[in-house]
Every structure is written in structure tokens, then in C-alpha cells.
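Let's walk through this structure together, one step at a time. Have a look at the sequence and the model first.

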Amino acid sequence: MWGVVNSERVWRSAVFPIAFTKKRLSPKALFRLYGAEESPFVLEMSLVREKYAPSLAMVHAFGCRLATSQKQNLIAQGKGADRIYCGAYQLRVEDIRCLSEEPQLPEIRKAEVLHVVEKGELAHAHMQIEVDTGGDKEAIEPVKTLIVDRIWNKSAGPARHICPPDSHLKDHPSGALDCAPNGPCVRPSKTSVLVGVILCFLLRYPVLWAKLKAESAVAWAKTTLRRYRKAE
Amino acid sequence: VDPAHVNSTPYSLYPAVGGSTFVLSGGVVTSVSATTNEPNIQTESYRALSETLNELSNSSEDDEWHIDDDVHKTSIQVAAALLDKNIPAPHVFSHGPKSVVFDWHDGEHNLYLTVGKCRLWVAISSASEVRARLELTAPTKNVAAAFLEGLQQSFINRPVLSYDPHRTAA
């Protein structure tokens with residue numbers, strides 16, 4: 001996990017079940033919060049870190065891969081491939097961290113954005129929010145609602161997109177994405193995209209790759225040492 | 001709110017108010033008015049709402065969009081109560097199996113009704129701040145019925161904001 005600075009921007013991919021896109025689904029439905037494995041009082045949401053996906057093409061490529069992966073999971077479970085990527089909304093990291101200072105949300109202990117590489121996606125980040133409702137698990141639900149409300153009100157966009165495999169769809173639901181309250185998304189200049197891509201490929205990606213390899217090597221060494229001790 | 005009563009068909013939620021009887025057919029809310037033959041303009045949007053709730057509920061349990069059966073039953077009952085009060089149909093979203101959220105927006109403010117298995121919470125927000133929040137089904141005082149009355153008046157007089165949950169709770 002690597003720290004993300006306040007001035008950075010992150011993206012939330014809009015992946016929907018196709019069946020829901022024409023019904024009375026609120027646009028806030030895509031800002032889904034999950035209880036973390038370690039505790040239901042830790043809420044998580046997957047994001048794309050713009051620093052590692054500095055162009056819209058890279059953000060959309062991430063979203064298309066995400067939808068494809070979800071479709072494959074559904075097919076593997078014997079269900080229909082009912083997922084579609086429609087675009088992404090943009091957020092400032094600072095706005096997410098400020099959630100812990102929201103006066104009407106005293107339950108929020110900490111709001112953080114962490115760079116967590118997941119399923120080989122180097123640009124993947126996590127929004128992680130710790131809440132304290134005095135042990136009342138049900139009381140987390142209205143807190144989630146207001147977290148989603150705050151995030152939606154701070155989001156910009158959408159940047160709409162049609163993934164190549166979905167281009168045959170007549171009424172692609174990307175056109176139905178609601179405009180976010182914070183106006184259009186901020187598109188990085190061509191120069192900054194070029195510099196970002198060069199830096200990613202020359203510096204950041206190799207460093208991340210080396211860190212991942214080092215982490216897996218440490219894990220392997222620990223396992224081997226444990227086996228060796230058991231064998232002794 | 002008692003999810004156990006939702007499956008009875010036809011189901012009369014507030015028979016004393018408006019004289020309406022709700023028929024729940026396959027989880028879809030339809031309103032049969034006993035006092036007038038005029039078509040209910042809300043019915044179609046509420047039908048779409050209940051279809052969305054049904055799809056959330058019918059998705060498999062390991063699906064990230066799935067909502068629990070009890071939450072689904074309660075949400076249908078709350079939708080029936082909103083329709084009874086002729087309150088415009090909300091949009092809906094969920095964040096996991098334990099709740100669904102009814103969402104109204106008047107261009108400036110949002111009103112949220114978070115529906116759990118047997119608890120309801122309301123919140124009002126603007127772009128810049130959360131203005132008010134309240135549990136309607138608190139153990140000490142259940143103000144769900146008062147909320148619905150207040151909400152009905154709000155939508156008649158001025159959408160969303162004329163309802164003050166703190167005033168009602170007092």
C-alpha cells in the first residue's frame with residue numbers, strides 16, 4: 001500500500017448490471033461501499049488512481065477490464081454476463097479525506113485513499129473509511145448513505161465510454177449516466193499525460209513491479225522458513 | 001414496519017388514509033383506489049420502482065447488487081406507504097444486502113430514506129453539507145408515520161425541504 005497525496009485525483013468506474021440501467025436506479029448506485037473483510041466497520045470502495053492511469057484512455061481501459069472480469073465471474077457461476085462499463089466519475093483525494101471532518105457524520109473516524117494493487121491492476125486504489133457506531137452494525141447503513149451523498153456531491157464528470165465489445169449495442173447506457181454535481185471532469189493536458197506515461201513506464205511501474213516481487217519473495221521466504229522449521 | 005405482513009394480498013397499509021387498497025402482485029405494488037376512478041399518475045413510476053427492488057432482491061446472494069429478503073419486503077411496504085400518500089416515486093440505490101435507499105432530488109437538495117430490515121433513517125443534504133439526519137424508528141420514539149404525513153405536506157407545499165425531521169421528532 002502506498003500513500004496518495006491530497007492534490008491527486010481518482011476515478012470511480014461506472015459498471016452496472018445492464019438490466020438496471022433503464023429502471024429507477026439512482027446515479028449514486030455506482031458508489032458502492034463494501035464492508036472490509038477484517039471488520040464491518042471498515043468500508044471500502046475501489047477507485048482508479050489517476051497518477052497511474054494518467055489519460056482517459058487508461059481510465060477507460062481499466063473500466064473495460066473490470067467489466068470483463070465481472071462478466072467472466074458471472075459466466076463461471078453459470079449466470080448471464082450482465083455487466084456493462086459506461087464511463088467514470090472523477091474525485092479529488094482531498095474531498096474524500098475531508099469526510100472525517102464532516103460535522104453531521106461524527107461516526108467517521110478516518111477516511112483514507114490507499115494505493116492497493118489488486119488483481120494485477122497497478123492503478124487500483126481503495127477508499128477506506130473507518131466508522132464507529134458504538135457496535136451497532138445496522139446503524140452503519142445510514143452512514144453509508146451520507147458518505148455516498150458527500151462523494152456524489154464532490155464528484156465530477158462523467159467521462160462516458162463504450163468498450164469495444166459493447167459497441168454493437170443500440171442503446172448503450174453510457175448516454176444515460178447523470179451529470180455529477182461538481183461539473184465536468186478535469187482532463188489533464190497532453191503534455192502532462194505524456195510526462196505521466198513516460199514516468200509510469202520508466203520509473204513508477206518498475207518500482208511497483210520490484211516492490212511486488214520483493215513482497216512475494218518475502219512471503220515465499222517466510223513460508224519456506226516455516227516448513228524448514230517444521231521439518232526440523 | 002413489520003416485514004411479516006408484506007406478503008398478504010391484497011394488503012391494506014393505511015386503509016383510513018385516502019381509502020386506497022394496495023395489491024402486491026409478485027412484489028409489484030399497484031394501487032386500487034376505492035374513492036375515485038381517476039388513474040393514479042404515480043402508479044407507473046412506482047411499478048418501475050418495485051421492479052427495480054425485485055431485481056435487486058432476485059439477484060443471487062453472492063451478487064454484489066443483492067438485497068436481503070427482509071430488506072426487500074420492508075422496502076416494498078415503505079414504497080406502498082409512499083404511494084398511499086401520493087408522494088412522487090423516489091429513485092433507489094443500495095449499498096449491500098442490508099439496506100436500500102430511496103432518493104429524492106429537487107435540483108438543490110437531496111432527501112434520503114434509508115430502509116433497513118426493520119429500521120428507517122432519514123437525511124437531508126445540499127451540495128455543501130448534510131443538513132439534517134434522524135432515525136425514524138428509534139426505540140424511544142417511532143416517528144415514521146409523522147414523517148410520512150410531513151413528507152406528503154412537503155411535496156404538496158414545497159418539495160423536500162419544508163419537512164424538518166428535528167421539528168417532527170421534538
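**Where the two chains meet**

Across the interface of chain B and chain A, 23 residue pairs are in polar contact, with both residues at pLDDT 80 or more; such a contact is a pair of N or O atoms within 3.5 Å, where within protein one must be able to donate a hydrogen and the other to accept it, and residues adjacent in sequence count only if both atoms are side-chain atoms. This is a predicted model, in which local features need pLDDT of at least 70, side-chain atom pairs count only at pLDDT 80 or more, and totals for chains, interfaces and linings use all residues. Residues are numbered from 1 along each chain as its sequence is written, chains are lettered from A and ligands numbered from 1 in the order in which they are written, and side-chain values use heavy atoms, with hydrogens and water left out.

Charges meet here too: between chain B and chain A there are six salt bridges (a side-chain nitrogen of Lys or Arg within 4 Å of a carboxyl oxygen of Asp or Glu). One of them joins the side chains of B:E64 and A:R83, at 3.8 Å from N to O.

Now zoom out to count residues: 41 of chain B are in contact with 36 of chain A, contact being heavy atoms within 4.5 Å.

Next, look inside chain B. Helix 1 and helix 2 (residues 69-84) of chain B pack at an angle of about 175°, with axes 10 Å apart; helices here are DSSP runs (H or I, at least four residues), numbered from the N terminus. Axes are lines fitted to C-alpha atoms over the stretch in contact, and angles run from 0 to 180 degrees between N-to-C directions. Helix 1 of chain B is therefore roughly antiparallel to helix 2 of chain B, a label for angles over 145 degrees. Among the residues making this contact are B:Y46 and B:L49 of helix 1 of chain B and B:H72 and B:I76 of helix 2 of chain B.

How values were computed:
Helices (H or I, at least four residues) and strands (E, at least two) are DSSP runs, numbered from the N terminus. Angles under 35 degrees count as roughly parallel, over 145 as roughly antiparallel, 65 to 115 as roughly perpendicular and the rest as oblique.
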